[in-house]
Each structure stands twice: as structure tokens, then as C-alpha cells.
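Here is a short tour of the model shown below. Have the viewer open as you read.

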Amino acid sequence: MSQAEKLPTLKRHKLNFAFREKLNSVPEGFRHNYCYQCSACVADCPANNYSDSFNPRLILLKAILGFEDELIAPGSEIWNCTNCYTCSERCPQDVRPVDVIIALKNLCIREGKAPALVTTVSDSVLESGMTTKVTPLAEKRRSEYGLAAIKSSPVDDIKKILEDD
Ligand code: SF4
Ligand code: SF4
């Protein structure tokens, strides 16, 4: 069931429109330009329902106004998004708020400002093509259960795809 939008207040802030150009340089980041702040993305957002501070409309507003220090940080609220895509189905402007949030996350990674857990996973993908390291113990257990050995991933191809972005 939808509920009234919780409205955290914005801090006093000097406008930083240069941040919009930076966000435009990341794939799908340009979509923030089309947001007209209608709030349709908020009502069914599960992260908003369980958090007083998470609000996709507010994240879009902060992107538009250039709250770079708040958004591009390990403790940014963007990391509480569940990537469920409900907001994208609701948005009448085809902003796809979740894609803008993912663009903000990619900016964090690019600038070394992602949470340590996320960096560990992304480093692992770059090194091995897997999100989790396959330990000798895991290989031994698989063998004992009669499971096939885990195939190695095409790391060079993965790196090339990521570089092309
Ligand atoms: S992202 Fe879309 S649904 Fe959300 S406030 Fe902006 S225009 Fe409205
Ligand atoms: S993708 Fe993120 S912002 Fe969009 S509805 Fe789901 S939790 Fe909310």
C-alpha cells in the first residue's frame, strides 16, 4: 500500500551545475535531466518504505542541484537502492531513476568513493571474472559432492567490455 511521501529537508547548498555535466558523461546518467519532480517513483519504492532518508525523487533533485559530496561518497544513500526497477515502471518521464542511481554508483567507483564491500566485489570481478573468490576448500567440497570443477571466466573479455564503457 502506498503512503504519504516522507520529506527529508535539504541542507543549505551552493548550486553546482558542473556536476550535471559529470553525470552526463556516465552511461544513463543523462536521464536525470528529464526529471520534473512528480514523485511517482517514490510511493512503491521498497527502500523508501523502510528508510526515513532514502527517496529516489530526492536523489534526482540532489543530482540536478549538484549535491556531489552527498551523492558521491561511501556513505551515500544511493547504496540503499535495491535495484528492483519499480521506480522505472512508475516514472512518466522515462527517467528510469534506478539507472541514474546506477550511474551515480559508477561515478563513485570511478572516483574511488564506493563502500569497501562494493570495491572488493568489483576488484574480484576484474581479477577473476567472479564476484566471489573460489577457495581451494570450496573446490574440494565440490569434488566430494561430485560436482564439476568451476570453469574459469574469460577475464580478458570482461576487462575489454568494462573498458569499452
Ligand atoms: S524520476 Fe520520474 S517519477 Fe521520479 S520524480 Fe522524476 S519524473 Fe517523477
Ligand atoms: S530501484 Fe531503487 S529507487 Fe527504484 S524503486 Fe527500487 S529501491 Fe526504489
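Which residues lie nearest the centre of the largest cavity? They are Cys35, Cys38, Cys41, Cys91 and Val95, from a lining of 14 residues.

## About the model

This is a predicted model, in which local features need pLDDT of at least 70 and side-chain atom pairs count only at pLDDT 80 or more, while totals for chains, interfaces and linings use all residues. Residues are numbered from 1 along each chain as its sequence is written, chains are lettered from A and ligands numbered from 1 in the order in which they are written, and side-chain values use heavy atoms, with hydrogens and water left out.

## Cavities

There are 2 cavities of 30 Å³ or more. A cavity here is a set of points, on a 1 Å grid over the protein atoms alone, where a 1.4 Å probe fits but cannot get out; lining residues have an atom within 4 Å of a point. Volume is the space filled by probe spheres set on the points, and grid points are joined across faces, edges and corners.

The largest cavity holds about 90 Å³ of space. Its lining has 11 nonpolar, 3 polar and no charged residues (Ala, Val, Leu, Ile, Met, Phe, Trp, Tyr, Cys and Pro count as nonpolar, Asp, Glu, Lys and Arg as charged, and the others, Gly among them, as polar). The second largest cavity holds about 80 Å³; among its 13 lining residues, Cys45, Phe54, Cys81, Cys84 and Cys87 lie nearest its centre.

## Ligand 1

Ligand 1 sits in the largest cavity, meaning that more than half of its atoms lie within 2 Å of the grid points. Around ligand 1 are 13 residues, each with a heavy atom within 4 Å of it. Cys35, Cys38, Ser39, Cys41 and Cys91 come nearest. By class, this shell has 9 nonpolar, 3 polar and 1 charged residues.

## Domains

Domain 1 covers 18-110 and domain 2 covers 116-164, with bounds from an automatic or database domain assignment. Their centres, taken over C-alpha atoms, are 30 Å apart.

Definitions and conventions:
1 Å grid on protein atoms, 1.4 Å probe; cavity = no way out; pocket = protein on both sides within 12 Å on 5 of 7 lines; lining within 4 Å.
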